Amino acid sequence: MSKRKPYVRSMDGWWKKNPYFVEYMIHESTALFVAAYCLVLLVGVIRLGQGEAAWNGWLAAMQSPLSVLCHLVLLAGAVYHTYSWFKILPITMPPVIVGGKKMAPEALTGTALAVAAAAGLALLALVWRIAL
Amino acid sequence: MEIFKADVVIVGGGGAGLRAAIAVAESDPLLKIALVSKVYPMRSHTVAAEGGAAGVKKSTDSYDYHFHDTVGGGDWLCEQDVVEYFVKQAPIELTQLEHWGCPWSRTEDGHVNVRAFGGMKIERTWFAADKSGFHILHTLFQTSIKYPSIKRFDEHFCVDLIEEDGRVQGVVTIEMSTGEFHLIEGKSVIIATGGAGRVFRENTNGGIVTGDGMALAYRHGVALRDMEFMQYHPTCMPVTGLLFTEACRGEGGFLVNKDGYRYLQDYGLGPLQDKPKNKYMELGPRDRLSQAFWYEKQKGRTFEHPTLGSVVFLDMRHLGEAHLRERLPLIYEMAETFMGLDPAKELIPVRAGIHYTMGGIKVDAKCAASLPGLYAIGECASVGLHGANRLGSNSLTELVVFGKLAGDEAAKYAKAVSPGNSSSLLKQAQAIEQRILALKTKTGGTESIAVIRKEMAQSMEDGCGIYRTEDTMQATCDKLAELRARFKNISIDDKSSVWNTDWLTAVELDYQLDVAQTMAHSAINRKESRGAHQRLDGPDGAYTKRDDVNFLKHSEAYYVADGAPRIALGDVKITKSQPETRAYGAAGEKADQERKASHV
Amino acid sequence: MSENHKIIEIEVLRYNPESDEEPHLEVYKVPFTDDMSVLQGAQYIKDNFDGSLTFRWSCRMAICGSCGMMINGIPKLSCETFLRDYYPNRIRIEALAHFPIEKDLVVDLSGFIEKLEAIQPYIIPKEPKTLAEGEYLQTPKEFNAYIQFTSCINCTLCYAACPQFGLNPDFIGPAAMALLHRYNMDSRDGASASRMELVASEEGVYNCSAVGYCSEVCPKHVDPASAVNINKANAAKDYFLRFLSPKGGSK
Ligand SMILES: Cc1cc2nc3c(=O)[nH]c(=O)nc-3n(C[C@H](O)[C@H](O)[C@H](O)COP(=O)(O)OP(=O)(O)OC[C@H]3O[C@@H](n4cnc5c(N)ncnc54)[C@H](O)[C@@H]3O)c2cc1C
Ligand code: SF4
Ligand code: FES
């Protein structure tokens with residue numbers, strides 16, 4: 001009879017065992033922030049459909065200090081999510097060949113972040129103009 | 001005991017063993033193959049080969065050139081019919097590797113590229129960056145998975161051969177994960193267990209390179225041939241012995257002493273060349289370069305490093321980072337991680353270290369040993385290709401050329417003989433089990449395996465180094481006899497069954513001591529200087545020269561129970577190249593021209 | 001070893017299946033010099049303190065893939081990790097995470113080997129060629145498409161870095177996927193369709209949640225995470241193609 005007795009280690013709390021995994025969990029959980037903000041917007045759309053009074057009520061609620069604070073937190077979460085998502089972007093897509101050479105991961109992440117920032121700013125400018 | 005009935009058993013999953021397994025599988029899919037290896041095949045030491053594999057490729061090259069480079073490089077101790085077969089098969093087998101997916105480096109137009117290598121007249125070394133062995137091994141391992149008739153016994157440690165009715169009929173292994181013994185019956189057995197460099201101290205070899213298969217065949221009466229010829233590689237990392245491939249020089253690296261002087265020009269390898277020139281300077285053969293290191297040290301022209309000892313320098317700064325990263329990526333990384341230096345900016349300290357076992361299990365031109373049914377290939381074998389000095393990049397090709405041949409031959413043999421008597425094979429296997437178990441279970445020993453191993457390695461370095469004398473070799477022979485006696489009194493800490501490496505290391509040490517003895521005794525018996533065997537003594541220095549009258553002969557070491565090996569001399573097969581002076585650099589070119597002129 | 005060596009404490013996770021219920025830590029005080037690797041530290045313990053300490057190793061030059069360990073919780077090749085970088089702190093070495101421990105630092109790799117065998121890791125030629133016809137030609141572009149994925153030394157550090165493999169040991173995992181991708185990308189090979197089934201299967205790429213640590217720890221810059229993720233896209237494409245045309249996709 002074989003005397004083997006392989007020992008299987010528990011996976012409990014695995015994500016606490018390595019800073020990389022902690023960062024991964026933060027990245028994953030900030031997806032919830034993005035989802036939460038989507039919910040907020042969804043409620044807005046529903047309110048809009050319910051008539052002007054409902055819509056104005058929603059707008060007022062949005063301006064309360066608590067809501068502003070909430071927005072800031074959600075924004076921070078969303079920004080972090082974007083940042084960490086682009087950080088792993090290079091490993092999630094086929095290699096980008098520029099001038100016969102593979103683009104460096106840092107360059108790829110940098111480009112993606114720059115594009116995201118530009119798009120965000122453009123959107124902001126657009127919304128700002130409408131609001132004015 | 002678990003029993004497996006194979007047709008062909010292959011011990012060793014390196015390049016040679018894998019190639020043989022595939023050959024058997026392709027020659028007849030009905031033959032059952034057992035492939036035994038003490039490590040997963042892709043861990044075999046073929047993985048460490050960096051530079052490449054030789055085979056005629058360019059239109060300016062010829063089989064004849066390759067033949068003469070090899071025979072001259074081997075100081076005329078090669079079996080010339082074997083070399084002739086080898087050079088013709090080489091390109092075919094290297095192309096076969098390409099078809100199986102080996103990522104050989106290419107030229108811009110998509111063909112396989114070749115690079116310069118020491119002692120080779122024309123560029124003919126096929127390479128996969130500086131990881132040629134790695135790629136060959138993984139290609140062969142992965143290809144072997146395609147064949148259902150190959151049954152692998154990974155992490156099985158072979159402890160003996162089974163001989164019955166005057167022929168070999170199988171092997172006994174220990175399954176490392178359980179410590180249990182297995183009998184693997186086979187009608188033919190191929191040994192492909194690699195070299196024995198670990199019997200020396202500073203070496204380029206992996207921990208598994210302990211000469212196991214050599215010792216197994218030797219104890220069954222098969223001769224170990226030309227064991228005194230151990231190759232020193234001139235550019236190794238000091239202390240660890242890790243290798244900086246010859247390709248560093250093939251790509252244009254220089255060797256300089258402590259004064260920044262390219263000292264090889266003083267040793268018959270000049271005149272100085274700016275660009276790598278085949279057979280000149282840094283591209284001379286390994287034995288000459290290692291010997292030059294030894295002389296530089298005697299002259300006090302090596303650099304005395306506070307922690308690394310005596311070194312010379314490999315200078316690759318002029319090649320530039322981009323070129324080095326493309327052609328020598330592994331070397332670049334090794335210099336960075338292991339030595340903390342940047343080869344594009346700094347000199348790399350190096351010195352000569354033990355690298356390759358030229359000798360091995362004596363086999364004929366068809367890879368068959370004197371024990372019927374037994375074959376040997378790769379570094380553990382002496383098929384007669386390398387003579388007294390192997391040319392770099394001939395051995396990787398040897399693995400596939402003779403792996404294929406031995407596979408075909410062993411398959412033929414297995415089909416021709418009838419199976420043995422299983423019950424008497426089992427009885428033998430059980431006796432072997434008892435003997436090997438006793439090593440572990442015995443109590444009261446006082447000697448440490450590690451200490452004996454260290455003393456052996458030091459003594460081999462002292463007595464069988466780059467230059468040898470009667471006295472130092474005799475001291476080594478005596479030391480080995482003493483260690484053999486002390487080995488009987490070893491103690492093993494680990495008494496368990498599962499993964500008992502303490503025990504297996506002891507079995508390996510037992511093999512190593514046998515192999516070391518054949519080396520030292522063959523060396524002291526060879527009273528001349530040839531290739532990698534260089535002496536400083538003899539009446540009026542007689543042994544410092546090659547002596548074709550008495551020693552154009554192979555050494556053959558035969559096992560003598562509980563004693564030193566018996567050394568005999570065997571003939572060398574000469575077909576078309578008569579021994580000449582071995583010259584390199586300008587002198588070599590002149591000799592070449594003279595030879596050509598006299599042939600016309 | 002020189003005289004004035006320093007002493008480092010090495011803490012080793014020991015496990016002997018024949019006498020231990022579970023692994024435990026033991027500390028050894030090892031004299032060392034600056035050129036000593038963690039592997040040499042372990043060898044020192046085996047040679048001088050306890051011959052039963054068990055670990056795999058061979059090449060000492062980061063190419064055979066034997067010597068992976070968790071070093072202070074991070075999967076690394078012990079032969080190219082140096083004691084000097086941890087001194088004067090204590091260093092802890094353990095068997096590679098996520099694999100069953102056989103004994104001390106040796107883990108059970110049979111599952112990994114089975115995965116390698118499952119992916120058809122060999123050329124199934126697009127256009128068979130005889131040896132007499134010579135080599136296949138490969139342009140630099142064709143060559144560069146797969147060469148990175150040939151560098152894997154099967155050290156399995158990436159599996160020790162992959163929590164999804166830890167949670168589901170059947171997941172085909174980073175290195176095996178990288179090897180599969182290597183053959184699919186090779187211009188000589190014509191069998192990517194037949195490898196697709198495995199890619200999209202229950203053991204396949206969809207186990208991956210893009211943690212990305214596998215590529216981070218890979219000592220040979222294989223970037224297995226990218227191979228896995230590229231194949232997520234390939235599998236999805238394959239799936240839809242199957243609806244569009246009976247000839248598209250793998251089945
Ligand atoms: C650092 C280095 C660089 C080199 N570079 C080059 C080069 O550029 N060009 C060139 O031509 N040559 C080179 N060589 C030489 C060449 O690589 C080797 O000669 C060759 O790879 C040996 O292959 P092999 O198949 O005979 O043995 P190995 O690859 O060493 O395989 C031996 C096999 O036998 C098995 N084995 C051993 N003992 C047992 C046992 N008791 N039980 C079960 N299995 C066992 C092992 O597990 C292993 O699978 C180099 C060598 C070194 C060390
Ligand atoms: S992909 Fe990298 S980390 Fe994973 S096994 Fe291969 S070499 Fe090791
Ligand atoms: S010992 Fe081979 S990879 Fe570390």
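Trainee: In this predicted model, what makes B:Val172 and B:Tyr511 contacts of B:Val159?

Mentor: Heavy atoms within 4.5 Å count as contact, so both make the list for B:Val159, leaving aside its neighbours within four places in sequence. Also on that list are B:Thr173, B:Ile174, B:Phe181, B:Leu216, B:Ile432, B:Ile436 and B:Val507, along with B:Val172 and B:Tyr511.

Trainee: Which residues touch the most other members of the largest nonpolar core?

Mentor: B:Val159 is one of them, together with B:Trp104, B:Phe244, B:Ile361, B:Leu374 and B:Phe402, in a core of 272 residues. H14(B) gives the most to this core, with 13 residues.

Trainee: Over to the interface. Why is B:Arg453 with C:Asp47 called a salt bridge?

Mentor: The N to O distance is 3.9 Å, and the cut-off is within 4 Å for an Arg nitrogen and an Asp carboxyl oxygen, so the pair qualifies. Across the interface of chain B and chain C, the rule finds 6 salt bridges.

Trainee: How many residue pairs are in polar contact there?

Mentor: Between chain B and chain C the count is 29, with both residues at pLDDT 80 or more. H4(B) gives the most to the side of chain B that touches chain C, with 6 residues.

Trainee: How much area do chain B and chain C bury between them?

Mentor: About 5,100 Å², 55% of it on carbon and sulfur atoms. The contact takes 64 residues from chain B and 61 residues from chain C.

Terms used. Residues are numbered from 1 along each chain as its sequence is written. Chains are lettered from A and ligands numbered from 1 in the order in which they are written. This is a predicted model: local features need pLDDT of at least 70, side-chain atom pairs count only at pLDDT 80 or more; totals for chains, interfaces and linings use all residues. Side-chain values use heavy atoms; hydrogens and water are left out. Buried area is the accessible area (1.4 Å probe) that two parts lose on being put together, summed over both. A salt bridge is a side-chain nitrogen of Lys or Arg within 4 Å of a carboxyl oxygen of Asp or Glu. A polar contact is a pair of N or O atoms within 3.5 Å; within protein, one must be able to donate a hydrogen and the other to accept it, and residues adjacent in sequence count only if both atoms are side-chain atoms. Helices (H or I, at least four residues) and strands (E, at least two) are DSSP runs, numbered from the N terminus. A nonpolar core is a set of buried Ala, Val, Leu, Ile, Met, Phe, Trp, Tyr and Cys residues joined through side-chain atoms within 4.5 Å. Buried means under 20% relative accessible area, exposed over 50%, partly exposed in between (1.4 Å probe, protein chains only).
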